[in-house]
Amino acid sequence: QSVFADAGGFRIADDDGDYQLRIGGDLQTDARMLLGDTPGTSSSFFLRRARVRLSATLQRRFSIRFMSDFGRGQATIQDAYIDFRFGSGLSLRAGRFSTPLGLEFLQSSNATMHVERGYPTAFVSNRDVGFQLYGRTLGQRLQYSVGVFNGAPDGTSLDGDATPPKDLIARAFIEPWRNNRDASDWLRGLGAGLGVSVGTERSANGSSGLASYRTLHRSALFSYRGGVEADGRRMRLVPQAYYYAGPFGVIGEYALSQHDVQRGDNTETLAHRAWQIGGSWVLTGESASYGGVSPENSYDPEAGTWGAFELSAKVQRFQFDEDAFPQYADPEAQVENGTSLAAGLSWYPVRNVRFMTVAERTTFGGTEAANARDAEHTLTMRVQLSY
Amino acid sequence: QSVFADAGGFRIADDDGDYQLRIGGDLQTDARMLLGDTPGTSSSFFLRRARVRLSATLQRRFSIRFMSDFGRGQATIQDAYIDFRFGSGLSLRAGRFSTPLGLEFLQSSNATMHVERGYPTAFVSNRDVGFQLYGRTLGQRLQYSVGVFNGAPDGTSLDGDATPPKDLIARAFIEPWRNNRDASDWLRGLGAGLGVSVGTERSANGSSGLASYRTLHRSALFSYRGGVEADGRRMRLVPQAYYYAGPFGVIGEYALSQHDVQRGDNTETLAHRAWQIGGSWVLTGESASYGGVSPENSYDPEAGTWGAFELSAKVQRFQFDEDAFPQYADPEAQVENGTSLAAGLSWYPVRNVRFMTVAERTTFGGTEAANARDAEHTLTMRVQLSY
Amino acid sequence: QSVFADAGGFRIADDDGDYQLRIGGDLQTDARMLLGDTPGTSSSFFLRRARVRLSATLQRRFSIRFMSDFGRGQATIQDAYIDFRFGSGLSLRAGRFSTPLGLEFLQSSNATMHVERGYPTAFVSNRDVGFQLYGRTLGQRLQYSVGVFNGAPDGTSLDGDATPPKDLIARAFIEPWRNNRDASDWLRGLGAGLGVSVGTERSANGSSGLASYRTLHRSALFSYRGGVEADGRRMRLVPQAYYYAGPFGVIGEYALSQHDVQRGDNTETLAHRAWQIGGSWVLTGESASYGGVSPENSYDPEAGTWGAFELSAKVQRFQFDEDAFPQYADPEAQVENGTSLAAGLSWYPVRNVRFMTVAERTTFGGTEAANARDAEHTLTMRVQLSY
């Protein structure tokens with residue numbers, strides 16, 4: 001029986017590793033300033049995430065993960081699932097967890113490029129309750145997931161009680177050269193994949209089955225008119241890729257979210273879409289990666305070491321279906337499209353801590369002038385620790 | 001100072017066991033299908049329970065238990081109590097915990113025969129805040145509990161702020177042959193007991209002091225008419241027994257819940273009642289018990305071992321007092337009685353994990369045809385892990 | 001790597017102590033009786049606090065504290081912050097934590113003299129999200145804190161989303177003789193300090209920016225008239241001191257809370273104030289302290305030892321600004337001032353456990369007879385365990 005307390009976290013385990021308990025947590029404190037005429041909620045300090053994680057492995061084959069969150073003062077359960085490992089490369093997951101669709105959504109919130117995930121995450125389902133088969137195959141090169149879920153509307157998480165039909169969600173992601181031993185191989189860090197969800201959604205039990213959408217900083221962006229309801233198929237396609245080479249990284253994805261909607265006797269198939277692409281450069285030379293940056297030398301002023309620094313920039317754009325206006329959404333009140341530019345600087349004094357500053361500017365528009373509104377300018381500072 | 005990580009759970013302790021901390025959790029993921037014309041909420045996947053448990057013992061005499069639950073996306077505290085061990089056979093418990101009334105209610109939710117506890121649990125108080133003396137005596141053969149509690153309405157749990165009068169709740173449960181060494185003794189696994197609650201309940205602070213009742217799968221079943229209020233005595237009697245012999249088990253209880261109610265100038269004493277009896281058979285030969293099934297050989301396909309399998313069946317019936325109709329409850333809208341039949345199959349691949357499927361059919365009726373409504377048919381699958 | 005399980009708590013750590021995880025909790029179960037004609041909520045048993053604490057230290061310089069609370073059945077986050085130790089005597093704290101103002105508010109709830117903190121705590125901000133520099137200097141004699149926070153109204157805690165202007169809060173507390181080696185030195189346990197908050201508060205987003213006030217046992221005490229709003233400066237001054245000598249302790253503070261308010265065209269600067277002073281005597285001779293009482297001999301009836309006993313008494317008074325009446329508050333409905341007297345007896349059977357009984361009487365009055373109302377008489381018993 002042994003105990004681990006180090007940069008890899010806190011664990012107790014038996015000698016074989018068949019039984020293992022791990023305790024962790026994430027804390028992200030944000031200071032968000034709205035600049036200029038930015039509409040919406042006020043500048044504020046807040047806990048963006050305050051999470052406790054408990055993971056246990058039992059008899060090697062079974063494991064459980066539990067993550068609660070008290071961010072923004074709301075007590076929620078984020079992850080709560082059981083994994084059953086059938087053998088090498090195939091597992092069953094049951095419970096509440098991240099749906100396998102978006103690339104940035106599946107990245108740890110401690111490792112995302114900027115303080116908030118981009119618009120593609122607003123057009124995919126987030127966490128949901130369901131059952132998923134998943135694993136890695138082809139010498140770890142291919143990750144795959146196929147699952148059935150309640151079916152959450154765009155950008156939201158569900159705890160059950162959905163409308164009856166379920167969603168089928170699948171994702172494949174391939175890193176063809178990931179096993180190359182030669183670290184200098186310039187294709188080693190390339191990965192690409194596709195997430196797909198198909199399902200049927202109808203309004204039921206007083207829920208329209210449709211989402212409302214918000215800006216990166218939680219101002220209202222787009223809502224359907226009253227009386228608009230889901231009326232059949234919902235389909236999402238999310239092509240995605242990243243590429244990491246030494247201190248440089250690029251990550252991008254595209255999300256298409258298509259819905260059959262109805263209002264009175266009218267029906268329509270609406271397709272909303274968003275994309276983003278971002279690049280980062282670790283100034284101090286450490287490797288960039290999907291999992292985050294780990295400084296080579298921890299912050300230690302006496303030794304003259306300062307940890308790692310990283311620069312990043314991102315561009316993204318979203319477009320609600322033009323056919324939504326004016327029948328299904330009010331062009332006087334709802335935005336049709338927008339473009340966001342952001343730049344960030346991160347400091348990683350030690351492996352578990354990150355200080356980040358991000359400046360972001362989002363402009364809004366539409367084919368009708370009425371869709372436009374004042375740009376959203378924000379400057380956010382985050383102090384983050386995870387273990 | 002030592003660490004334990006095994007099938008018995010995760011603990012750290014000092015060498016004497018005077019100080020001990022234990023971390024555990026329960027996760028139950030359900031897929032519930034409503035079949036046929038079953039009324040109520042839709043078929044859904046959901047987290048039935050997502051619990052974290054922390055138990056600590058300090059200086060041997062004092063211990064604390066803390067269990068939060070995030071099931072169905074609601075953050076709640078289930079257990080939070082302090083135990084003070086005076087000596088052998090006598091302890092004081094203070095805090096929020098299960099009231100000592102129902103037999104199935106006091107059983108771990110990981111060990112109950114089916115996915116939901118039966119109707120008798122709907123007619124007893126569930127968790128409540130109070131103070132209780134309890135212990136075991138007569139060579140461990142007699143369990144007893146006597147406590148004073150806020151006084152929760154039928155089938156509910158309270159966090160305080162009840163109406164002023166308190167409830168006295170007591171329970172005795174005897175297993176006369178439990179100490180017989182001879183495992184083949186056919187009376188060894190027999191236990192029987194009685195739970196009793198007495199108290200006064202009156203409407204106060206806008207609360208009627210009365211409960212509404214739901215079916216096993218949370219559809220509305222019985223509510224009093226508006227303006228009906230608790231008006232004096234509340235009394236409950238819960239005779240109960242179980243019998244375990246080798247792979248076979250039988251468990252049954254009866255709950256009588258009697259209330260003085262008032263509506264305008266009318267008053268009445270209403271007695272609602274429910275009973276259930278269930279049997280189980282561990283097909284693979286392991287012992288059945290109130291605490292659950294522990295497979296002799298864990299799931300290991302290479303070794304040709306598959307864990308344990310269990311069959312179970314249950315019948316139950318509830319009856320609201322006929323005198324409630326039509327003065328205190330609307331026979332057009334409320335059910336008067338019902339019968340439920342269920343059968344289940346469980347697979348225990350390892351000690352901490354259970355897969356369960358339960359099919360259940362409940363029919364509803366009453367002396368007036370209007371009480372009847374469509375039967376509730378459900379098929380539920382559960383994946384469960386506790387540690 | 002090592003494990004600790006003792007009266008100091010439960011921890012796992014690496015050999016250097018650079019990495020450390022600590023798990024703790026607090027549970028307080030109260031039985032509160034309202035005596036006589038006391039207005040307000042009913043006598044009740046309730047969980048006053050049910051807290052889980054996780055603290056971790058990473059690479060010595062960084063630490064995190066997470067404390068959730070399920071008291072009264074509400075899931076909340078109390079503390080969630082990151083500490084960054086720059087060097088000896090200077091740290092940065094970021095997250096949600098106690099604002100550095102009131103002396104009793106900053107004391108552990110396990111160590112406060114009586115079951116509820118006094119009226120001065122109702123006139124300072126409680127927990128808030130912000131950033132604070134703090135430390136000890138002058139040979140540990142001076143504690144200092146300077147921080148910027150969202151700015152919580154009197155007696156409340158915030159999770160973010162405040163009105164835009166922020167509050168600056170600072171506190172200094174000096175114990176000039178704390179380092180004296182001679183334990184008999186009669187000045188060794190003397191400390192005194194001052195807390196100050198300054199900020200601007202205006203109504204925004206539908207919030208008036210002003211607080212309502214409650215009695216010690218949560219009955220409504222003072223609310224502004226509808227339409228009264230914060231209109232500018234908010235300032236608080238909290239002089240404070242304690243003195244501990246052997247088994248005797250005295251603790252006192254004064255809180256002045258000044259607000260610019262507006263109603264229609266009228267504006268006014270209102271100053272509310274409260275003070276308290278309390279004394280305690282550990283009958284069994286152990287040292288009294290700000291951190292609580294630790295019994296010399298634990299409860300052990302066979303050995304004839306019974307732990308520690310403590311007597312305490314407190315007087316306090318609050319006064320709302322007379323100029324608030326009748327323009328900003330209704331003298332028919334709101335109290336203007338009050339005085340509270342309380343006496344308590346505590347038993348500490350072991351270091352982590354406390355049984356406490358407190359009797360309290362608060363009388364209410366004002367310059368107009370209409371302000372007066374029935375006195376609040378309460379008798380509260382608490383069972384408390386912390387580890």
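The model is predicted, so local features need pLDDT of at least 70 and side-chain atom pairs count only at pLDDT 80 or more, while totals for chains, interfaces and linings use all residues. Residues are numbered from 1 along each chain as its sequence is written, chains are lettered from A in the order in which they are written, and side-chain values use heavy atoms, without hydrogens and water.

One tilted pair is formed by A:Y119 and A:F318, with 4.5 Å centre to centre and 40 degrees between the planes. Its partners are 199 residues apart: A:Y119 lies in the loop between α1 (103–106) and β8 (127–137) of chain A, and A:F318 in strand β17 (residues 308–319) of chain A. Here helices (H or I, at least four residues) and strands (E, at least two) are DSSP runs, numbered from the N terminus. A:Y119 counts as buried because its relative accessibility is 2%; A:F318, at 0%, also counts as buried. Buried means under 20% relative accessible area, exposed over 50%, and partly exposed in between (1.4 Å probe, protein chains only).

A second tilted pair, A:W347 and C:F84, has its centres 6.3 Å apart and its planes at 45 degrees. A:W347 belongs to strand β18 (residues 337–348) of chain A and C:F84 to strand β6 (residues 76–87) of chain C, so this pair joins two chains. Both A:W347 and C:F84 are buried.

One aromatic cluster includes A:F62, A:F84, B:Y299 and B:W347.

Conventions
Rings of Phe, Tyr and Trp (its six-membered ring) pair if their centres lie within 6.5 Å; planes under 30 degrees apart count as stacked, over 60 as edge-to-face and the rest as tilted.
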